[in-house]
Amino acid sequence: MGSLSESESDVNNRKPYGIRFLEWIRRKPLSYKAHQATVLLVTFLAYANYHASRKTTSIIKSALDPLSPDGGSKFNLWNRSRSSTRRLSTRVERTNLWSLSSGGWDPFDAAEGTSLLGELDLAFLGVYAGGMYFSGQLGDRTDLRIFLTVGMLGTGLFTSLFGVGYWANIHVFCYYLIVQMLAGLFQSTGWPSVVAVVGNWFGKSKRGLIMGIWNAHTSVGNISGSLIASALLSYGWGWSLVVPGLIIALSGLVVFLFLPVNPESVGIDKEGDGLSSLKKVGEGTTVPLLKSASEIEKAVGFMEAWRIPGVAPFAFCLFFAKLVAYTFLYWLPFYISHTVIDGKYLSSTTAGNLSTLFDMGGVIGGILAGHISDRLGARAITAASFMYCSIPALYCYRNYGHSSITMNVALMFITGMFVNGPYALITTAVSADLGTHSSLNGNSRALATVTAIIDGTGSVGAAIGPLLTGYLSAKSWSLVFVMLMISALIAGLFLTRLVIAEVNEKIEESRSRGRITTRGPVLEV
């Protein structure tokens, strides 16, 4: 009995403090389903705040660099309008402290301001992409709860430091560049960690639907980040960064207190309740709580993870899918505020609020893609179909979105649905599927690494898209949309081999069912 008490004591000591407190209040351990609900809620909150803090820079762009709006009324995709590329020939002189009517913030209000903003995006996303690969390896070798907490605290610190530049009256570009790079480094800890934790708690059967709903945190974070930053913009752009920074730091403390990394960490059996390592009473001997050194799973290596079937095609598909998605994430409010819609220009605040409709479409797209892929059992077919459908949606938004607010909102919603659907599917269900691929022989310590490889490769595209947009938009926004449509096409093409394999598999399954049906029951003579 002594060994049993010791085992229970060890398990309790490993539980997060918040879980211990909840169990002390309830006077009994939390059930497996209660832990699953806690995991979904805490990781949802965590990554929503990652995206909320990331979204803020897109809202303040039009305040830092108030370009002359897209003055041309020629919206044909294949024609450029010279008038849409002109800057204001003169700018209003600013006082030391910024105001909305002052004409921007040095150095971003100079002639090359748009390019500088693109370089900030590149710095953030470039470090984010590189950090993602290392974060996956670290995540599979460390306590994900601590790892995620540190990442969120660091993200909050450097997001806030960017905003501090407003009150400190900092006009040195290198300051904002370095702060963005460090913010990107800490942001890279988030995605591999939350996907690995959710993958530890949920099986594959309904993973697409569950993760499709759960992945709404991306759009919820973008929406809340947009609304918070837009609401605070009139008080000074610094507030639009400091407040989301403080919120994600507080959310990091919630993660530290309440996130159970896996069932074993809280002594729960995946098949039910109770200590996973101890047999039920009456079943004889008990199994040791801790595995021996020879039994502990070895983390999968970086190159070994690349060789898992399907990882490379989905990673390169995500490169172009995230290029499209992140161009909208970082530039959509700016594009809306500098485009004539129904004969007038919208304010930066209104443009920021309106851009949330893209993310609302993304919520629906993510859930639909997850559900359809579960029903079909075909992740590649679903992702490729959504990417191909996004091409006409992008064309229509550029060419017809200016006609009215209603048309703009409808087309933006549809575009968000098709752009974010495959992005959500690949970064969640597909990553979790491949991280537990049969070729790993049951080794569960590849989830964070595989997730990091796929999303890290996608993040390289996410860095390139906003950077190219900074340069191309100075010539013509039509060029930007051509880039996005070509990227969507290439993303779908990367999945061609997997799509063919899934189609052949479905045909073979259909033939097998047909043969069984035609045989009918065997009659006895």
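Asp342 is located in the loop that links α12 (311–337) to α13 (348–354), helices being DSSP runs (H or I) of at least four residues, numbered from the N terminus. The model is predicted, so that local features need pLDDT of at least 70 and side-chain atom pairs pLDDT 80 or more, whereas totals for chains, interfaces and linings use all residues. Residues are numbered from 1 along each chain as its sequence is written, and side-chain values use heavy atoms, without hydrogens and water.

Asp342 has a positive phi, near 55°, although it is not glycine. With a relative accessible area of 43%, Asp342 is partly exposed (between 20% and 50%; buried is under 20% and exposed over 50%, with a 1.4 Å probe and protein chains only). Asn169, in the loop between α5 (144–167) and α6 (173–187), also has a phi near 55° and is partly exposed at 26% relative accessibility. A cis peptide bond, with omega about 15°, joins Asp106 and Pro107; Pro107 lies in the loop between α3 and α4. Most residues other than glycine have a negative phi, and most peptide bonds are trans.

Of the 27 residues of α4, 19 are buried, so the helix is largely enclosed by the rest of the structure. A kink of about 30° is centred on Met132 of α4, the bend being the angle between axes fitted to the seven residues ending there and the seven starting there.

Helix α3 (residues 32–64) packs against helix α10 (residues 239–258) at about 165°, with axes 9 Å apart; the two are therefore roughly antiparallel (an angle over 145 degrees). Residues in contact (heavy atoms within 4.5 Å) include Tyr50 of α3 and Phe258 of α10.

Technical notes. Axes are lines fitted to C-alpha atoms, for helices over the stretch in contact, and angles run from 0 to 180 degrees between N-to-C directions. Angles under 35 degrees count as roughly parallel, over 145 as roughly antiparallel, 65 to 115 as roughly perpendicular and the rest as oblique.
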